[in-house]
Amino acid sequence: MSKLLVDLLNKKFPTAVLETHSLYGDETVVVEASAWKEVARFLRESPQANMDMLTDLTAVDFPDRDPRFEIVAHFYSLAKGHRLRLKTRVGDPEGEDVEVDSITDFWASANWLEREAYDLFGVIFIGHPDLRRILMYPEFEGHPLRKDYPADRIQPLIAYRDVPNIEKIAPFSVDEGMSFGRQTHSHPKKDSDDSRVN
Amino acid sequence: MEPLDQELDEAELEMPTEPMLLNVGPAHPAMHGTVRCVMELSGEIIEHVDVQVGYLHRGFEKMCERGTWTQVFPYVDRCNYVSPMLNNVGFALACEKMLGITVPERCQWYRMILGELARMSDHLTCDGAMAMELGAFTPFLWMIKAREMIWDLMEEETGARLTHSFGRVGGMASPPTEHLKENARAVVAHILSVVEECEKLLLGNRIFLDRLEGVGIISQEDAVSLGWTGPCLRATGIPYDVRKAHPYLRYDEVEFDVPVGSASDCFDRFMVRLAEIRQSARIIEQSIQRLADSGPVNVDDPRIILPPKEEVYNTIEGTIQHFKIVMEGIKIPAGEVYSYTEGGNGELGFYLVSDGSGTPYRVRIRPPCFLITAGLERVITGQMMADVVPSFGSLNMIGGECDR
C-alpha cells in the first residue's frame, strides 16, 4: 500500500525526491528541503495519500554530514491505514541556516512538534505561528539534543524575569513570602526602636 | 470610601470589562503538578489559554545516547510511571524489529498479560483521579487500592512495584512465576468488582454527571489533526486501536472489542477507559489460557541474551559473552525504525536510529500525552473555569511522558 504511495510521490515530484528506501517495513521518502511543504500538502490533500494524521515530527543530528540535520516526519492515514516516513535534510555543518517550511497549516499537531524540534535542535520552521521553546525555559542557551551540545557543562543561572504589564513583586522580598519566616510588613516604629538600642 | 447613600444614577456602576489574566499551575493540584496554564478570563469564561509544559523535562532522549540499548529500559520506565510495563515492551519490540527477531510464544503471552495489567492500572488511576478531583473521594481510594493489587502482582513478578525495568531485548528479565496465573485471575476478578462498585457510586450521581456530560468536547477532525490517539481519540468515535489496526505480539489471536464513544466529551473519555478495563480483563483471561507453563522465554541468541550465571562464572565462553553484552552492548544493525504499540494513552512510538554500535544514536519517544496535551487549548477555550479540572483530568496527562 505505501509502496504505491512512494511511486506516486516519485511521479508527482520527480526532481524533489532525492531517494527512497524501505527498511523493516517502513517506507521512507527523502525530499528536497525546498519542496517540504509542497510534498506535505500533497500528502494531506491527495485522495490516494489521505494522510490525516501527522503522528510524529522530529530531527536527527549528523554532525559529519552536510546538510547536517534530518527532519523526520511520520504520517498515518486513519482511513487507509498506511504510513509513510518523510525526511528532508537541512543545515550546514556548523549548525547554522537550519531552516525549513512549517507544515502547521495542514496538521494541528505540527505546532507543538515543530516547537519541540526548534527547542531541542534549533531547527527554524518558517511560517510557524508561535515558534518558542517548549520543553526548556526561554533563557536556556543552546539546543540540547545536538550532538555538540556540551552536556557536561551547566547552564548559567538566570536573573529574575522582568515581565512587562504584570505588577508583580520579586519572590521572597520583604513584602511577600511566608509570614512565619520573615518580616511581612514594615513596622512604622522600627526606626525609633533601632535608635533606642543604639 | 464613597458614601453608601448615594443616588443610584449618580453612582458609577461600572463593570470591569478588561480580561483577567490567571495563572494556574505548575504547582496546582488540578494540573497534576507539571503543567502551567496562563488563562485569559472574561468573567468565568476562558477566552485564551497558553498551555506550557516542560516542567518535568529530564532529558531522557539525550541520556539514552550515552549508554547501551539495554540501559534505555530504566528510562522508558520513568516516562510513563503509571503503566511502565507497556513502555518496556514497546521499546523491546522496537529493538527486536531492528534485530529481526521474534521472542518465543510464551514470552509474547507473558508480555501481553503484564501489559494489560499495566493498562488497567493506567485507566484506574485516571478514572479514580478524575472522580477525586470532582469531589468523589471514595472511588479514588477503591480504585487505587485495586491498583495496589496490580502492583503487588508486578512486585511478585518483577521485583519492583512501579519502575520494573523488566523488559529485555529478546525476552524478559525472568520467566513467569509459578503463581502468575492464579494471582492474575484473583487480581482481575477484584478489579472488575471494584469497577462495578465505582460505576454504581458514580453513574447515578447527578453532580458527577453534570460536570462531565457535554464538557470538554472536541470534534473528530480536530482530534485527528492534533494527532490524538488512544482512549481520547476513541471517545470521539474513531475506533483506532493499534492492537486491532496493526496487531503486534499475539493481539490478533485474542478476542476483544474496541470501545468507542460518541459525544467525545469528558464523560465519554471516562466511560471508554472503564470499558477498556473490561476488555483488558478479557485479553488477560485468554492470554492466561494460552500461556504455556514451561518453555523458553528469551530468544536463543548468545549475542543478545545474557548467559546464565553458572556459565558466566565457570566457563570462559560464558564470561566473554557476558562481558561483550554488558560492556559493548547489544549490536543493533545500522538503520532506522519506527515501531508503535498501544500505550496507556495511545500510540506509543519509538523512532530509533542506530549506527551499528552498541549505543543508540538517537532514541525518539513519540509520547501520546504530548500531542493530547497540545489539544488542551482547544478543549478548554470557551469553557468555564471550573470545567478545566474534569477536562484536564480526562486527558490523563502523564508528566513524565509529556515532558520526557
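Is A:Arg133 buried, exposed or partly exposed, and how many other C-beta atoms lie within 10 Å? A:Arg133 is partly exposed, with 17 other C-beta atoms within 10 Å, where a residue counts as buried if 20 or more other C-beta atoms lie within 10 Å of its own, as exposed if 12 or fewer do, and as partly exposed in between, the C-beta atoms being placed from the backbone. The model is a predicted one, in which local features need pLDDT of at least 70 and side-chain atom pairs count only at pLDDT 80 or more, whereas totals for chains, interfaces and linings use all residues. Residues are numbered from 1 along each chain as its sequence is written, and chains are lettered from A, with ligands numbered from 1, in the order in which they are written.

A:Arg133 is placed in the loop between strand 7 (124-126) and helix 4 (190-197) of chain A, helices (H or I, at least four residues) and strands (E, at least two) being DSSP runs numbered from the N terminus. Leaving out residues up to four places away in sequence, A:Arg133 touches A:Asp119, A:Pro138 and A:Phe140, contact being defined by C-beta atoms, placed from the backbone, that lie within 7 Å. Of these residues, A:Asp119 is 14 residues from A:Arg133 in sequence and 4.8 Å from it in space, C-alpha to C-alpha.

Chain A comprises four helices and seven strands, which follow one another from the N terminus as α-β-β-α-β-β-β-β-α-β-α. Of the 198 residues in chain A, 33% are buried, and among the contacts of this chain with a separation of 6 or more, 47% are between residues 24 or more positions apart. An open sheet of five strands in chain A has the order 1-2-5-4-3 with mixed pairing, two strands being taken to pair if DSSP finds at least two bridges between them. Strand 1 (17-23) and strand 3 (53-61) of chain A are the edge strands of this sheet, each pairing on one side only, and neighbouring strands are turned by 20° against each other on average, direction ignored. Within the sheet, strand 2 (residues 26-31) and strand 5 (residues 83-90) of chain A run parallel and are joined by four bridges, with A:Leu86 in strand 5 as the bridge partner of A:Val29. Helix 3 (residues 110-121) of chain A lies across strand 3 and strand 4 (69-76) of chain A and runs at about 10° to strand 3; axes are lines fitted to C-alpha atoms, for helices over the stretch in contact, and angles run from 0 to 180 degrees between N-to-C directions.

In chain B, an open sheet of three strands has the order 1-2-3 with antiparallel pairing. Strand 1 (20-24) and strand 3 of chain B stand at its edges, each with a single partner strand, so one side of each is left without a neighbour in the sheet. Strand 1 and strand 2 of chain B pair over five bridges, and B:Asn23 stands opposite B:Val38 in strand 2. Strand 2 (residues 36-42) and strand 3 (residues 45-52) of chain B pair in the antiparallel sense over seven bridges, B:Ser42 having B:Ile45 in strand 3 as its bridge partner. The hairpin of these strands has two residues between them, and B:Gly43 takes a positive phi near 70° there.

The axes of helix 5 (residues 137-158) and helix 6 (residues 180-202) of chain B come within 9 Å and cross at roughly 170°. Helix 5 and helix 6 of chain B are therefore roughly antiparallel to each other, a description applied to angles over 145 degrees, while those under 35 count as roughly parallel, those of 65 to 115 as roughly perpendicular and the rest as oblique. The residues of this contact divide into 15 nonpolar, three polar and three charged, where Ala, Val, Leu, Ile, Met, Phe, Trp, Tyr, Cys and Pro count as nonpolar, Asp, Glu, Lys and Arg as charged, and the others, Gly among them, as polar.Between the chains, 31 residues of chain B are in contact with 26 residues of chain A, and the side of chain B that touches chain A divides into 14 nonpolar, seven polar and ten charged residues. The largest nonpolar core has 155 residues, and A:Phe75, A:Val123, B:Cys95, B:Ile113 and B:Leu117 have the most contacts inside it; such a core is a set of buried Ala, Val, Leu, Ile, Met, Phe, Trp, Tyr and Cys residues joined through C-beta atoms within 7 Å.

Conventions
Two residues are in contact if their C-beta atoms, placed from the backbone, lie within 7 Å.
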